[in-house]
Amino acid sequence: MAAPRTDRTLDPALAALVADLPACELHVHLEGTLEPELLLELAARNGVELSTTTVEEVRVTHVFDSLASFLAVYYPAMEVLRTRRDFSDLATAYLTRAAAQNVRRAEVFFDPQAHTSRGVPFEVVVEGLLDAVERAPHELGVDAELVMCFLRDHPVASAEETLTASLPYADRIIGVGLDSDERNHPPADFAAVFARAREAGYQLTMHCDIDQEGTLEHLRQVIEDVQVDRIDHGSNVVDAPELLAVAVERGLGFTACPLSNGFVTEQMKAPEIVALLRAGAKVCVNGDDPAYFGGYLKENLAALAAAADLSAADVVQLARNGFEASWASPERIAEHLAEVDAVAAAHGVAAPRP
Ligand code: HPA
Ligand code: ZN
């Protein structure tokens, strides 16, 4: 499928607000930020033979119409990531782009099993990523944190082993997530490993991908059984008013990714995202796998604003929600929100009533 299109263009004043607002990224897969240029550079550095040799050829392979068809392109590309320096370069490239979009905080996903399963040691992955993440506040003005995801289509025992491997880094990894192919891999299968992660001090999030088989039961499991702190995607919850009410009451974040929705389903799901916003849920807009889906956080926000005809106040609310759904300290969240409100005011948008 081609990139999702909208017929509407953004009003220039709204486009400027979108660009200038401080933002919080809560749903980006670092491996999904592997741009074709870096892919080819790492392949050359590590002597990995790829079937594609130019940026254009790599882009031609970015054709997806489902999560599964995306994952079939996504995992093989990771073969070029081998050394601590490679992982550091990947994260630095992402954080540099994020800073240029006025992202002030980024809680970034990584998939250790996608690397340990092909012989790259856990420590190489984590230490490489930490090299970049821990420099980002001083060098780029981005508060960055790692969120370790388990691959739900790998055995639960492998998630358990990954959790154990992470424990020496427990104070440098903020949370755990659950990603990859959701079909036949419900959240409840991972309830015990997530309970152990909670005991180790991690925050919890899980993907509930859009329009997956059994999605409302999966949402029920993440909200009622696992009791996650945040939900990735999850906008099908608008079809389960009682669950939505619980999510709103708890202030649960929903990390929406409009551009990737437009690839893996037939639409970017703007009406569902707006319904979450109107219901008072802490829904925010994110990048997901920007190297594959045509845009980082701000391109996603602009696409949603255009498709759903959002007001300036809506766009500011989405930016505020990102920080409020983050795992930063309450003091740091307050500082970020004050900056959002100051930028909004400079664009003539009044701060929301407390
Ligand atoms: N869903 C599931 N797995 C993923 C995704 C996603 O959006 N991105 C990368 N791995
Ligand atoms: Zn995702």
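Biologist: Of the 116 residues in the largest nonpolar core, which touch the most other members?

Modeller: This is a predicted model, in which local features need pLDDT of at least 70, side-chain atom pairs count only at pLDDT 80 or more, and totals for chains, interfaces and linings use all residues. Residues are numbered from 1 along each chain as its sequence is written, chains are lettered from A and ligands numbered from 1 in the order in which they are written, and side-chain values use heavy atoms, with hydrogens and water left out. A nonpolar core is a set of buried (under 20% relative accessible area, 1.4 Å probe, protein chains only) Ala, Val, Leu, Ile, Met, Phe, Trp, Tyr and Cys residues joined through side-chain atoms within 4.5 Å. The members that touch the most others are Y94, L95, L146, F150, F194, I231 and V315.

Biologist: Which helix gives the most to this core?

Modeller: Helices are DSSP runs of H or I with at least four residues, strands are runs of E with at least two, and both are numbered from the N terminus. With seven residues, the helix that gives the most is α7 (residues 122–133).

Biologist: Which protein atoms are the donors of the zinc ion (ligand 2)?

Modeller: Donors are N, O and S atoms within 2.8 Å of the metal (3.2 Å for Na, K and Ca); water is not among the atoms, so sites may look incomplete. In sequence the donor residues follow the spacing H-x1-H-x177-H-x80-D. At 2.0 to 2.5 Å from the zinc ion lie H27 (NE2), H29 (NE2), H207 (NE2) and D288 (OD).

Biologist: Where in the chain are H207 and D288, and how many residues apart are they?

Modeller: Both H207 and D288 are buried. H207 belongs to strand β5 (residues 203–208), while D288 sits in the loop between β8 (282–285) and α15 (290–293). The pair links distant parts of the chain, and its separation is 81 residues.

Biologist: How much of the accessible area of ligand 1 does the protein cover?

Modeller: The residues around ligand 1 (a heavy atom within 4 Å) include the zinc donors H29, H207 and D288. Among the polar contacts (N or O atom pairs within 3.5 Å), a side-chain atom of H29 lies 3.1 Å from a ligand nitrogen, and a backbone N or O atom of S180 lies 2.9 Å from a ligand nitrogen. A polar side-chain atom of D288 is 3.1 Å from a ligand oxygen. Of the 260 Å² that ligand 1 has on its own (Shrake-Rupley method, 1.4 Å probe), the protein covers 98%.

How values were computed:
Buried < 20%, exposed > 50% of the residue type's maximum accessible area, 1.4 Å probe, protein only. Polar contact = N/O pair within 3.5 Å; in protein donor to acceptor, adjacent residues only side chain to side chain.
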